[in-house]
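Please walk me through this protein structure. Start with the terms, then go from the overall fold to single side chains.

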Amino acid sequence: MKQRWKQTGILLIILLMVNIAQNGLTNPKTYIYNMLIALPGIIIGLSFHEFGHAFVSDKLGDPTPRMQGRVTLNPRAHFEPFGFLALMFCGFGWGIPVEIDPRYYKHPRRDELLVSLAGVVMNLLVALVFSVIVHFIYANTAYETLASGTVLGTLFNILLQVVIVNVVLMVFNLIPVPPLDGFGIITNIFNLREKSFYGTLYNYGFPILMILLIIGAVDKILNPLVNGVYGLLLQYIIL
């Protein structure tokens, strides 16, 4: 376990260096400003994502999330400090995973599938709600005001970031690599636990994901999908 965390730490440091080199060195002030603007979206997105898992598992009869205080939108229940800092500075992070006990489910494969889907569905709903708010503000405010450095302009940018962060969280978590929700989804659809490669893939999923992030493979997958969903939600708005 210690060796695995050591490897993870090394990969995170590499990812941090890549992220700074690409986004932070040319204009540090802009980089910090963008992180602060994105912070509310990150807090909202992660909180709703983990709450979604906990809420659905609780409704399906599993008392574990409720006993652990996870059926709440309070960010303190869902944020893991190291994962949060990694998300802010490395471009990749995590919250505290919601623990479930499938023994309480009446239909384990189906119910685990629903729990896996719950997080990304919550992110989609948050993105939809905030895109409606963004459309309303855009339709009733002069563009010059929104594009300026006014309080309303800053608020508008924060709301835009809430939409984009939740779209990113949704699409990213659908990648079928452990420990992401996408892997849980395909595991229960195709009953991968019965496959010989399941244990190996599950154990090495996190380092594999980190390497894919470092070499830019994830961006090539994410960017077209994120831009497509983001464009559908915020069409007619000049960004």
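A polar contact here is a pair of N or O atoms within 3.5 Å, and within protein one must be able to donate a hydrogen and the other to accept it. Keep that cut-off in mind. The model is predicted.

Take one contact as a test case. The side chain of N188 meets the side chain of R193 at 3.3 Å, which is a polar contact. N188 sits in helix α8, residues 181-190. Is N188 buried or exposed? Its relative accessible area is 4%, so N188 is buried. Buried means under 20% relative accessible area. The neighbours of N188 come from elsewhere in the sequence as well. Leaving out residues up to four places away in sequence, N188 touches R109, E112, L113, S116 and R193.

Now step back to the whole chain. The protein chain has ten helices and zero strands. Read along the sequence, the pattern is α-α-α-α-α-α-α-α-α-α. The chain holds 239 residues, and 43% of them are buried. Consider the contacts with a separation of 6 or more: residues 24 or more positions apart account for 72% of them.

The largest nonpolar core has 44 residues. Which of them touch the most other members? They are F92, V163, F172 and L209. At least two residues each come from α2 (28-59), α4, α5 (108-139), α7 (151-173), α9 (198-214) and α10 (217-233). The largest share belongs to α7, with twelve residues. Apart from this core lies another, of five residues, including A54, V71, V98 and M122.

F172 is worth a look of its own. F172 touches F92, L180, L209, L213, V218 and L222, again not counting residues up to four places away in sequence. Two of these partners, F92 and L209, are also named with F172 among the core members that touch the most others.

Turn to the aromatic rings. A pair of aromatic rings is described by the distance of the centres and the angle of the planes. How many aromatic pairs does a search of the whole structure find? The search finds six. One of them joins F79 and F84. F79 has 17% relative accessibility, so F79 counts as buried.

Y198 and Y202 form a pair of another kind. Their ring centres are 5.9 Å apart and their planes are at 25°, so this pair is stacked. The cut-off for stacked is planes under 30 degrees apart. Both residues lie in helix α9, four residues apart, about one turn of the helix. Y198, at 16% relative accessibility, counts as buried. Y202, at 45%, counts as partly exposed. Ring pairs also bring in F183, linking F183, Y198 and Y202 into a cluster.

Now look at the loops. The loop between α3 (64-67) and α4 (81-90) holds N74. R76 is found in the loop between α3 and α4 too. The side chain of N74 reaches the backbone nitrogen of R76 at 3.0 Å. Why does N74 count as partly exposed? Because its relative accessibility is 38%. R76 counts as exposed because its relative accessibility is 76%; the cut-off for exposed is over 50%.

N74 and F51 are 23 residues apart along the chain, and their C-alpha atoms are separated by 8.8 Å. R76 and I43 are 33 residues apart in sequence, with 9.7 Å from C-alpha to C-alpha.

End with T141. T141 lies in the loop between α5 and α6 (143-147). What does the side chain of T141 reach at 2.8 Å? It reaches the backbone oxygen of I137. T141 also touches L146 and L152, not counting residues up to four places away in sequence.

Notes
Residues numbered from 1 in each chain as written. Predicted model: local features only at pLDDT ≥ 70, side-chain atom pairs only at ≥ 80, totals over all residues. Heavy atoms only, no water. Buried < 20%, exposed > 50% of the residue type's maximum accessible area, 1.4 Å probe, protein only. Contact = heavy atoms within 4.5 Å. Core = buried A, V, L, I, M, F, W, Y, C linked by side-chain atoms within 4.5 Å. Phe/Tyr/Trp six-rings, centres within 6.5 Å; stacked < 30°, edge-to-face > 60°.
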